[in-house]
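This briefing is meant to be read with the sequence and the coordinates open alongside. It is grouped by topic.

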Amino acid sequence: MNNFIYKNPTKIIFGKGQIEQINTELPKDARILMVYGGGSIKRNGVYEQVIRAVGNRKLIEFPNVPANPEYDHLIEAVKIIREEKLNYILAIGGGSVIDGTKFISAAAKYDGEDPWQIVCGTAPIKKAIPFGTVLTIPATGSEMNAGAVISRRALKEKRPFDSPLVYPQFSVLDPQVMITLPTRQIANGIVDATMHVLEQYMTYPVGGHLQDRFAEGIMKTLIEEGPKVMANPANYEAAASLMWSCTLALNGLIAQGVPTDWGVHAIGHEFTAIFGIDHARTLAIVAPRYYEYLLQEKREKLVQYANRVWNISSGNDDERALQGIQKLENFCQSLGINTHLSDYTEEYEGTAEEIEKRFIERKWSGIGERAQVTPEDVKKIVLKTYK
């Protein structure tokens, strides 16, 4: 196992009726920007609970954060914070709202001319406004990590960034909020979390036996409990397991002491930037083809995955590895998620070459746990997503 240092400062408040705990977590003198999405929180009762918990503290609302939070929209929130001298942010939503809040938190304290440099990684984050979250859509794990992904439509870019200064101070996880979620969002969350685990697991062995078992346990729970929530979001026991699994999938725990990949995400982000495809669905498109392409490099972990997660024990190593990949693809499809780029757009021709060009222009000479996947390899993988 590799050396590691692990610290996660986010306080998790989990369970039924816990939104009221916001009152004790917020500073009494907090002047709050409340960030949320399209307004579903006003239909499912979350908004009213949050307003009651905030009490008489100063509160300004910033709604309509879209899926794939958009830079130009988020900059408007930064202006509000500065003009109104706000000192706290409350994010109510899923990963997009929380990711957007992380950017707002850092950008509001940024002294440079172009906050996009935060996202590009060319401007270190030195200060950030504290914030808490109320999770409404389990998927990304952003409620308990220090990373975010921001889109900039004008540039057709989607970029990740991270900093220990943008961990949420607290996150409220009430599985009851899932009752009103559309099945599409639940399916996306299941697949998103599964792919997060795989990015930290599907590499090569370094003796991280406990991390492997944690990862496999999360994946098996997603596979077993996710469809139950799809069938009945009011199934509290299943919803609680799903919500907690999505958080644990990307709170940093299973990545400690082991190599991680993130190549599937690097390619998937480009599909979202170019075509606007849901993030989870881009991962479902890329992952099967990515793992097939890297079968030899990842064979040992692919075989372990096939055996421990899908109980596949027949055939030689390559056959078992391929069966495991097929099981992953079948699982995505069973949730109603298509797994080829050509299922989402008729404009797919030329996409592989465009993404290769983007990687070259950014000087991304190699992605993956060994930086072994070149831009040319990326082109070959994307070509296989056409069907």
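The model is predicted, and the values below are computed from it. It holds 9 aromatic pairs, and among its helix contacts is one in which the axes of α10 and α12 come within 10 Å.

**Aromatic rings**

- F14 and W244 form an edge-to-face pair, with 6.0 Å from centre to centre and 65° between the planes.
- This pair links distant parts of the chain, since F14 belongs to strand β1 (residues 11-14) and W244 to helix α8 (residues 236-248), 230 residues apart.
- F14 counts as partly exposed because its relative accessibility is 31%, and W244 counts as partly exposed because its relative accessibility is 33%.
- Elsewhere, ring pairs join Y71, F103 and W116 into a cluster.

**Charges over rings**

- K42 lies over the face of Y47, at 4.9 Å from the ring centre.
- R362 lies over the face of W364, at 4.6 Å from the ring centre.

**The contact of α10 with α12**

- Helix α10 (residues 279-293) and helix α12 (residues 317-334) have axes that cross at roughly 175°, and the two helices are therefore roughly antiparallel to each other.
- On the α10 side the contact is made by A284, A287, P288, R289, Y291 and E292, while α12 contributes L322, I325, L328, E329 and C332.

Technical notes: Residues are numbered from 1 along each chain as its sequence is written. This is a predicted model: local features need pLDDT of at least 70, side-chain atom pairs count only at pLDDT 80 or more; totals for chains, interfaces and linings use all residues. Side-chain values use heavy atoms; hydrogens and water are left out. Rings of Phe, Tyr and Trp (its six-membered ring) pair if their centres lie within 6.5 Å; planes under 30 degrees apart count as stacked, over 60 as edge-to-face and the rest as tilted. Helices (H or I, at least four residues) and strands (E, at least two) are DSSP runs, numbered from the N terminus. Buried means under 20% relative accessible area, exposed over 50%, partly exposed in between (1.4 Å probe, protein chains only). A charge sits over a ring if NZ of Lys or CZ of Arg is within 6 Å of the ring centre and within 35 degrees of the ring normal. Axes are lines fitted to C-alpha atoms, for helices over the stretch in contact, and angles run from 0 to 180 degrees between N-to-C directions. Angles under 35 degrees count as roughly parallel, over 145 as roughly antiparallel, 65 to 115 as roughly perpendicular and the rest as oblique. Contact means heavy atoms within 4.5 Å.
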